[in-house]
Amino acid sequence: MKRAIVVGATSGIGRERAVVLAQDGYSLGLIGRRPHLLKELKESLSTPVLTQQIDVADHDKAMDLSAGLIEQMGGVELVVISAGSASSTRPELVRGESGH
Ligand SMILES: NC(=O)c1ccc[n+]([C@@H]2O[C@H](COP(=O)([O-])OP(=O)(O)OC[C@H]3O[C@@H](n4cnc5c(N)ncnc54)[C@H](OP(=O)(O)O)[C@@H]3O)[C@@H](O)[C@H]2O)c1
């Protein structure tokens, strides 16, 4: 079975990619900051899934936890990195309240 990690799997593009990868027969390692959403996604998928709560902004800890997840999975063939936020959709910028 092919193995993939999705960073930013709790919503948006990462979540949708995780669903497609599961349908394509990948086992998954799902990463995000919100454990209840990781759990919810895991329970909705019919493929082996490990989850790991990681804040990628905490670089050193994120590297350690990611390495641990990869080790638990016995390696991975694919890493999808979709963690981030779209500044263009930040409400304060849309409303022109950024002060710039
Ligand atoms: N949607 C678009 O049309 C589009 C187009 C071009 C580029 N992008 C870019 O693609 C990326 C994803 O977009 P999206 O629409 O899927 O956004 P989204 O729905 O807000 O999803 C962002 C994902 O990133 C995770 N995340 C954010 N900060 C994190 C952190 N510090 N550590 C770990 N996980 C983190 C979130 O999980 P947690 O909150 O649980 O941590 C969530 O799963 C963004 O960088 C966006 O700018 C999006």
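Which residue follows helix 1, and is its phi positive or negative? Gly 25 follows helix 1, and the phi of Gly 25 is positive, near 90°. Helices here are DSSP runs of H or I with at least four residues, strands are DSSP runs of E with at least two, and both are numbered from the N terminus. The model is predicted, so local features need pLDDT of at least 70 and side-chain atom pairs count only at pLDDT 80 or more, while totals for chains, interfaces and linings use all residues. Residues are numbered from 1 along each chain as its sequence is written.

Helix 1 has 12 residues, and its first and last C-alpha atoms are 17 Å apart, close to the 16 Å expected at 1.5 Å a residue. The expected span is 1.5 Å times one less than the number of residues. Buried residues in helix 1 are Gly 14, Arg 15, Ala 18, Leu 21 and Ala 22. Seen down the helix axis, these buried residues fall within an arc of 125°, so they line one face of helix 1; the arc is that of the directions from the axis to the C-beta atoms. The face turned away from the buried side carries the exposed residues Val 20 and Gln 23. A residue is buried if 20 or more other C-beta atoms lie within 10 Å of its own, exposed if 12 or fewer, and partly exposed in between, with C-beta atoms placed from the backbone.

The buried residues of helix 1 pack against strand 1, strand 2, helix 2 and strand 4 (78-81). The largest nonpolar core has 17 residues, of which Val 6, Ala 9, Ala 18, Leu 28, Leu 30 and Ile 31 touch the most other members. Strand 1 (3-7), helix 1, strand 2 (27-32) and helix 2 (35-44) each give two or more residues to this core, and strand 1 gives the most, with 4. Such a core is a set of buried Ala, Val, Leu, Ile, Met, Phe, Trp, Tyr and Cys residues joined through C-beta atoms within 7 Å. Leaving aside neighbours within four places in sequence, Leu 28 is in contact (C-beta atoms, placed from the backbone, within 7 Å) with Ala 4, Val 6, Ala 18, Leu 21, Ala 22, Thr 47 and Val 49.

Helix 3 (residues 59-73) is hardly covered, with 0 buried residues among its 15. Just after helix 3, Gly 74 takes a positive phi of about 75°.

Helix 1 (residues 12-23) also gives the largest share of the shell around the ligand, 3 residues.

How values were computed:
Contact = placed C-beta atoms within 7 Å.
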